[in-house]
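Please keep the sequence and the model in view while reading.

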Amino acid sequence: MKTIYTKTISTLILLLIFSTSFAQNVLEGLVKNDQNSPIEGVNVVLKGTIKNATTDAYGKFSIEAKELPFTIIVQYAGSNTKEIKITEIPTSPLQIVITTGEEKVLSEVVVTSRRRIEKVQDIPIAVSVVTGKQAEQAGAFNVNRIKELVPSVQLYSSNPRNTGINIRGLGSPYGLTNDGIDPGVGFYVDGVYYARPAATTLDFIDVERIEVLRGPQGSLFGKNTTSGAFNITSRKPSFTSGADFEISYGNYAYLQAKASITGALSKKIAGRLSFSGTQRDGIIDNTATGKPTNTLNNQGFRGQLLFTPTENTNITLSADLTTQHNDGYAQVVAGVAPTKRVPQRQFNAIIADLNYKLPSLNAFDRKIDHDTPWRSGQDLGGASLNVDTKVGGGTLTSTTAWRFWTWDPSNDRDFTGLQQLAKSQNPSRQWQVTQEIRYAGKLTSKLSGVAGVFFIDQTSKTKGTEESGSAQWRFSQDSFTPANTALWKTPGLFEGYGIKTNAKIHSTSAAVFGQLDWAITERLHVLPGLRYNYDKKDADYDRQTYGGLQTSDPALIALKNKVYTNQNFSSDNDNTDFSGNLTVNYKVSDKINTYATYAKSYKPIGVNVAGLPTPPAGQSLGDLATVKPEDVNHYEAGIKTSPIRNSILNLTAFRTDIKDFQTNVQAAELGVNRGYLANADHVRVSGLELDASFVINKHFSVFGAATYTDGEYVKFTNAPLPLEETGTTVNGVQVAYKDVSGTALPGVSKWAGNLGAEYTKDAKFFGNTGKFFFALDGYGRSEFSSSPSASTYLVVPGYTIFNGRLGFRASEGLSIHIWGRNLLNKDYYEQLLPAGGNAGHYAGVLGDQITYGVTLKYAL
């Protein structure tokens, strides 16, 4: 085991020993049904305070009180609420029995999506919940794995910076990330907004619950979200001492270690310290270096201090740091598209002239010969202070946070062993300050809701380098007479010729938001929401050429200018917007809950902070730099049911129309080969979602989810050309755009879904009481376009993968299981993308081949 893991776990054990002496007035309990089986998901509240706990998979909970006596309220779906007065702390866990009439019950998860504690089936929002234990058992240690459990989620990543997270096909521009555009899917951890989508590629640290809300959420969350939100809750400090240690081994030298300890540091202060580390050897062979690439090397820490000055106030100070320093994200040439350029400008003709051959013509041989190192180094961290205090019938919350993100990459953007692009790296640094204050609770006997204010100030700076190599002349050559060829081949003309980029964007956003819940009757509720937002973005972009052959020859200078040119512009924009939503919620019965929602939302103005193409006649760089805000109209209707005992069956229908859709397009000019932003006139996404869970009997349970999504450009007349149409001319004039109205949105599969089942049986293992389990699950999706404009070649075929787990788990002591992912070793792409320069070749982000291993966990 690596030294960092050993030192970390040793430190956590020492802290655990220290903390045990301070635990006081901590009630531990065990909730069972009348068949003596533990119940997960029971909500336990300390009466008269904001403190609560939820029972784990083994029915256990702990809750702290300032002084005796106190009363706890025990709540569970389908059961009468119990109030239990505690006059002294029992020496063994308090046994609580809830009458359910079932041997095994389906846990009903408690969520805080609407800023209050409530059961997921009771809220009029399409939301999927993955508990921390479910994520651990499924090996879902980051968002890319979570998408297999929540098929409405899509995540595309050619490297951490170029990561997009979408819900229902909407959220981020498909393709390369641009710092000047806001994500449409919010990402929150313990109430703190993470502005950088790169955070979604990092490992989760000690997660209690992941809530995935679908659809606009601008009246509930501080940062406006047009497509949905991830609301992640970490496990909180406890005055009851406890610890978990977990280690996993697998093929490709996979090693993952996790550790977490918690306990009292004084009578009013508790702490929690958590660690997660993941390492793995490369899974793609680089024949040029003789070393495998696409390694994993992630470490993360989170520390929390909980101060409880009174039973009505919790103050939590948190700090975290996550690092990812791997040799990763190399893409493999997946194919070659014939373009409309002259034969000499086709990829196969170019590499033939350079006497070069790809190491393999089959991407799934997983072989590359890249001559530029791949490096994906990032550090992300910050600190936050959260204060919750009970005021009247609700809770006043203040969340103050500072966060940073640094990005240190190196890429081989031509995807070959040729020195076309010798360097492609754009190191960045981003930092942000956020403040949110909100009140949530009851206002009158029939009126409750949430209201708040939010502010974010963030700055992002990029200092990039792109540099040509010895093969650049042949990829850029566009004239082929002997004299012109001689000019293009001038020794040293392009070697070392490149651009240095300085880009900066400073943005601020402020909002007032709120949502009311008006109980017209006990079953009929009307929920209006409103948001006012102000956004300001100031951007500066400067690109200067350097290197190459220093010459005064006008003909040679003209050739260099065909590859890279100087460019600079500034942009200063602000805008305000009113948005809102209206939901009608009707509970037909205790087992049927219906709702309908209309939401008018928006995404703020976008600003390009990357290279821009040559403006068409009548436009300037400043015109292209500004991207209009999105105007979103969203309609949704849903029904949440429990058709039989121990079951959940939910159905949602939705439709979203967006005018001035912000999309990332690829320019034909090499100098802007990282893409730029533009607006599509009108897009529409509509579909259906199904979520289901059933407990069949004492031993067997099944779950599944499916989504049908139809996304299309209703009107997009100035879209970029598909890869195979690059070089198209009409009457001798090269065409730069295409009308793609009526075609499919990129990244959207018509069908996606998962299905899983688990068998459990009571058992003992090395004296520990627990459960033997065997679980299988599958995830699949149909084909989808992997290009801003639909391309015949950039279509990712549909695929299905299967995973399995077998082992023993216990709430205390030793648990062990073996696991396998992609058990049938399915070859599949997660994304396809064209190479810089549009020579016709394109690369694939490959899904992992079969992986397997064993996990051991010890809980105290």
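## Charge and basis of the model

The protein chain carries 84 positive and 78 negative side chains, and the centres of these two sets are 3 Å apart. Lys and Arg are counted as positive and Asp and Glu as negative, with His and the chain ends not counted, and each charge is placed at NZ of Lys, CZ of Arg, CG of Asp or CD of Glu.

This is a predicted model, in which local features need pLDDT of at least 70 and side-chain atom pairs count only at pLDDT 80 or more, while totals for chains, interfaces and linings use all residues. Residues are numbered from 1 along each chain as its sequence is written, and side-chain values use heavy atoms, with hydrogens and water left out.

## Overall form

The secondary structure of the protein chain consists of eight helices and 53 strands, where helices (H or I, at least four residues) and strands (E, at least two) are DSSP runs numbered from the N terminus. The radius of gyration is 28 Å, close to the 29 Å given by the globule rule for 860 residues, so the chain is as compact as a globular protein of that length; the radius is taken over C-alpha atoms, and the rule is 2.2 Å times the number of residues to the power 0.38. Along its principal axes the C-alpha trace spans about 95 × 55 × 45 Å.

Of the 860 residues, 58% are buried, where buried means under 20% relative accessible area, exposed over 50% and partly exposed in between (1.4 Å probe, protein chains only). The chain exposes about 33100 Å², of which carbon and sulfur atoms supply 57%. Among contacts (heavy atoms within 4.5 Å) with a separation of 6 or more, 71% join residues 24 or more positions apart.

## Nonpolar cores

A nonpolar core is a set of buried Ala, Val, Leu, Ile, Met, Phe, Trp, Tyr and Cys residues joined through side-chain atoms within 4.5 Å. The largest has 34 residues, of which Phe 415, Phe 475, Tyr 829, Leu 832, Tyr 842 and Leu 846 touch the most other members. Two or more residues each come from strand 24 (332-336), helix 4 (347-353), strand 51 (829-834) and strand 52 (841-846), and strand 52 gives the most, with four.

Leaving aside neighbours within four places in sequence, Leu 846 is in contact with Ile 284, Val 332, Ala 363, Phe 364, Arg 366, Tyr 828 and Tyr 829. Apart from this core lies another, of 28 residues, among them Ile 167, Ala 198, Leu 380 and Trp 405.

## Individual residues

The loop between helix 4 and strand 25 (367-368) holds Asn 355, which has a positive phi of about 55° although it is not a glycine, and which is exposed at a relative accessible area of 73%. Tyr 356 lies in the loop between helix 4 and strand 25 as well, but counts as buried at 11% relative accessibility. Not counting residues up to four places away in sequence, Tyr 356 touches Ile 351, Asp 369, Thr 416, Gly 417 and Leu 418.

Asp 660, in strand 38 (residues 647-665), has a positive phi near 60° in a residue other than glycine, and is partly exposed at 22% relative accessible area. Glu 830 lies in strand 51 and is buried, with a relative accessible area of 16%. Beyond its neighbours within four places in sequence, Glu 830 is in contact with Asn 144, Lys 147, Tyr 156, Phe 784, Val 845 and Gly 847.

Note on methods:
Accessible areas come from the Shrake-Rupley method with a 1.4 Å probe; for residues, only the protein chains shown count as cover.
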